[in-house]
Amino acid sequence: IDLEFADGKKSIKSVLSRFTEREKTQINGDFLKFYENWTVKEAYIKLTGGTLAHDLKRLEYDGGILYCDGKAVDITPNIIELKNNGICAIFGGVTLKLSDFKRFYTRTNERK
């Protein structure tokens, strides 16, 4: 699982440089699409026990399908758009929806 909030405060340029041209075209400055792509890749890397440094360059997310070394992976990510521009990607055969989530705050200044 990976979860990110696309608040527009983080610079995506440095990470975007590691994406394929097809991915950059699909994202086209859209923070939500960028974070969907990112969360899918990071969740898959967590699932396989890899590392961002080694595995990010091996992955391409195109049209809802994740490819590793040019071959489609045999598991489909579950993508959930959360409130406040949150994106969650889950691998592992579970199907969840937004109502399955409850947000917990760790600091009072996180409330939005």
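A residue counts as buried here when its relative accessible area is under 20%. Aspartate 2, with a relative accessible area of 5%, is therefore buried. The model is predicted. The structure holds seven salt bridges.

**Salt bridge between aspartate 2 and lysine 46**
- The side chains of aspartate 2 and lysine 46 form a salt bridge, with an N to O distance of 3.1 Å.
- Aspartate 2 belongs to strand S1 (residues 2-5) and lysine 46 to helix H3, so this pair ties together parts that lie 44 residues apart in sequence.
- Whereas aspartate 2 is buried, lysine 46 is partly exposed, at 46% relative accessibility.

**Salt bridges around glutamate 60**
- Arginine 22 and glutamate 60 form a salt bridge in which the closest N and O atoms are 3.0 Å apart.
- This pair links distant parts of the chain, since arginine 22 is in helix H2 (residues 21-27) and glutamate 60 is in strand S2, 38 residues apart.
- Arginine 22 is partly exposed at 46% relative accessibility, and glutamate 60 is buried at 13%.
- A network of salt bridges links Arg22, Glu60 and Asp62.

**Salt bridge between aspartate 69 and arginine 58**
- Aspartate 69 and arginine 58 meet through their side chains in a salt bridge of 2.6 Å, N to O.
- Aspartate 69 sits in the loop between S3 and strand S4 (71-72), and arginine 58 in the loop between helix H4 (52-55) and S2, so the pair ties together parts eleven residues apart in sequence.
- Arginine 58 has 30% relative accessibility and counts as partly exposed.

- S2 pairs with strand S3 (residues 65-68) in the antiparallel sense, over four bridges.
- Cysteine 68 in S3 is the bridge partner of leucine 59.
- Two residues lie between the strands of this hairpin, and glycine 63 takes a positive phi near 60° there.

**Threonine 39**
- Threonine 39 is located in helix H3 (residues 31-48).
- Its relative accessibility is 0%, so threonine 39 counts as buried.
- Leaving aside residues up to four places away in sequence, threonine 39 touches Asp2, Leu3, Glu4, Ile87, Cys88 and Ala89.
- One of these contacts, Asp2, is also the salt-bridge partner of lysine 46.

Methods
Residues numbered from 1 in each chain as written. Predicted model: local features only at pLDDT ≥ 70, side-chain atom pairs only at ≥ 80, totals over all residues. Heavy atoms only, no water. Buried < 20%, exposed > 50% of the residue type's maximum accessible area, 1.4 Å probe, protein only. Contact = heavy atoms within 4.5 Å. Pairing = 2+ DSSP bridges. Salt bridge = Lys/Arg side-chain N within 4 Å of Asp/Glu carboxyl O.
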